[in-house]
Amino acid sequence: FLRKTFVQMKKNGWSKAFGDIHPYFIENLHKSFASLTRGEELLSALLLLNYSCHDIAEILGISESSVYINRHRLRKKLSMSKDADLKELINSFDRKL
């Protein structure tokens, strides 16, 4: 179900639909971290929506271990310490700055 919904969103432009609901998120994320890829942007958006690693793996059609690896790489790219909370940082971009 999740994968089918995501495929439909991709066809219709997920970033537009997501941007309508979370208007500041992508813009704020890019202001702070301009080098993020589309994949990292998407992972961040899915984390903002509180999807579990299992759900993200199902949506993207990848293994859960790949999701954990991508989360680790995202944390590294965001210069986060091991103690920092990724979801907390992601959530901080979802408001007008």
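How exposed is Lys 77, in terms of relative accessible area? Lys 77 is partly exposed, at 31%, where buried means under 20% relative accessible area, exposed over 50%, and partly exposed in between (1.4 Å probe, protein chains only). Welcome to a predicted model, in which local features need pLDDT of at least 70 and side-chain atom pairs count only at pLDDT 80 or more, while totals for chains, interfaces and linings use all residues. Residues are numbered from 1 along each chain as its sequence is written, and side-chain values use heavy atoms, leaving out hydrogens and water.

**Overall picture**
- The protein chain has seven helices and zero strands; helices (H or I, at least four residues) and strands (E, at least two) are DSSP runs, numbered from the N terminus.
- Of the 97 residues in the protein chain, 34% are buried.
- Contacts (heavy atoms within 4.5 Å) between residues at least 6 apart in sequence join residues at least 24 apart in 58% of cases.

**Confidence**
- The mean pLDDT, the predictor's confidence in each residue from 0 to 100, is 86 for the protein chain, and 87% of the residues score at least 70.
- Helix α1 (residues 2-12) has the lowest confidence, with a mean of 58, and helix α6 (residues 64-77) the highest, at 96.

- Cys 53, Ile 56, Ala 57 and Ile 59 are buried in helix α5 (residues 53-60). They lie on the same side of α5 because they cover an arc of only 165° around the axis, taken from the directions from the helix axis to the C-beta atoms.
- Gly 61 follows α5 and has a positive phi, near 70°.
- Arg 71 sits in helix α6, and its C-alpha is 9.1 Å from that of Cys 53, 18 residues apart in sequence.
- Beyond its neighbours within four places in sequence, Arg 71 contacts Leu 43, Leu 47, Cys 53, Leu 86 and Lys 87.

**Salt bridges**
- The structure holds three salt bridges, each a side-chain nitrogen of Lys or Arg within 4 Å of a carboxyl oxygen of Asp or Glu.
- Glu 40 pairs with Lys 77, with the closest N and O atoms 2.9 Å apart. This pair links distant parts of the chain, from Glu 40 in helix α4 to Lys 77 in helix α6, 37 residues apart. Glu 40 is buried, at 15% relative accessibility.
- Glu 41 and Arg 38 form a salt bridge at 2.9 Å, N to O, within helix α4 (residues 38-48). Glu 41 is buried at 3%, whereas Arg 38 is exposed at 57%.
- Glu 27 and Lys 31 meet at 3.2 Å, N to O, four residues apart in helix α3 (residues 25-32).
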